[in-house]
Amino acid sequence: MKNFVISILKLLGLYKTFIIPPEVVANYIELNTEESSVMKQIITGFCKEEKYDSKESRLFDIDALFSGRLLEFRQTHIPFLTEKTGLKNKKVLEIGCGTGASTIALSEQGALVTGIDIDESAIEIAQKRADIYRLHPSFLKLNATQIETLGDSDWDIIMFVASLEHMTPKERQASLKQAFSLLKPGGHLCVFGTPNRLWPYDLHTSLLPFYMWLQDELAMDYARFSPRTEFSQIHTGNFENKYEELYRWGRGVSFHEIELALGRITDLKVTGSLPIYLRKYGFIQKISYRRSDEFFLKRTLSRFGPKNMHPGFYECYLDIIIEK
């Protein structure tokens, strides 16, 4: 009933939603029919059938890698970054660029992007995508724990895009510290698309309640109850040799690790949180949100957290910008 009422209010223009700035939309590069067909073929070839347990999951990935992730990044992260940090002529290091969807979204706004990933096949797709869009970002196969080898310490923006959660705790610490040291004064460190360990339901990996709260050994064993068939098999075999695999699948991150790497969490200058930024509510929308379970959960968490910590650290996903 609630969703029906909201739909009616939207049709009447009474339920305001976030509007993408026209200056951002003006920079979108749209592919013609031939270019789009070539890009679809490349992505389809990348998503090999043997990697999937079902036809549906493969089609989902093809759609996401072909256009879904690009559209989402354009409509959410790009307006956020444009307002909070600016993008035109900014030197950006993108950690976890994958097949380059987010790289395109950044580059078409005038950012000077270097994308890194440990998956060489994904990097190859990213380069092909950039060629089709006639953009010129740079791509490197590089581990996030080795970014100090880039040598430069004049990056305007360094962002972890859905990547921190796939690292081990030691790797996270090392990479976060290196990233912050590589930023120029006034530069910005971004943590995007990272599931928050504080959240009571794991929407990212296991699809199980309270899973991210479990210690690793219990998490390995309890994985057998995951509705994701491919993930549920992780509990078999020798646990001691599989903890790294658990993290490669994706393990939540919380403010604790950011604090360990960068210093007291309440001393960090948080420029903004994407979910909070996107919630530019009208009156009716604001009432709806404040009556939601999500709102009450975050308010409860904040009562137990560090005093004056930015509310973005209580969101379901960490999408945070921190200024150096």
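Colleague: What is the relative accessible area of arginine 134?

Modeller: This is a predicted model, in which local features need pLDDT of at least 70, side-chain atom pairs count only at pLDDT 80 or more, and totals for chains, interfaces and linings use all residues. Residues are numbered from 1 along each chain as its sequence is written, and side-chain values use heavy atoms, without hydrogens and water. Arginine 134 lies in the loop between helix 7 (120-132) and strand 3 (138-141). The residue is partly exposed (buried is under 20% relative accessible area, exposed over 50%, partly exposed in between, with a 1.4 Å probe and protein chains only), at a value of 49%.

Colleague: What is the phi of asparagine 308?

Modeller: Most residues other than glycine have a negative phi. Asparagine 308, in the loop between helix 15 (293-304) and strand 7 (317-323), counts as exposed at 66% relative accessibility. Although not a glycine, asparagine 308 has a positive phi of about 70°.

Colleague: How are helix 8 and helix 12 oriented to each other?

Modeller: The axes of helix 8 (residues 169-182) and helix 12 (residues 255-262) come within 9 Å and cross at roughly 50°. Angles under 35 degrees count as roughly parallel, over 145 as roughly antiparallel, 65 to 115 as roughly perpendicular and the rest as oblique. The two helices, helix 8 and helix 12, are therefore oblique.

Colleague: Which residues of helix 12 make the contact with helix 8?

Modeller: Contact means heavy atoms within 4.5 Å. Helix 8 contributes Pro169, Arg172, Gln173, Leu176, Lys177 and Phe180. From helix 12 come Glu257, Ile258, Leu260, Ala261 and Leu262.

Conventions. Axes fitted to C-alpha atoms, helices over the stretch in contact; angles between N-to-C directions. Helix = DSSP H or I, 4+ residues; strand = E, 2+ residues; numbered from the N terminus.
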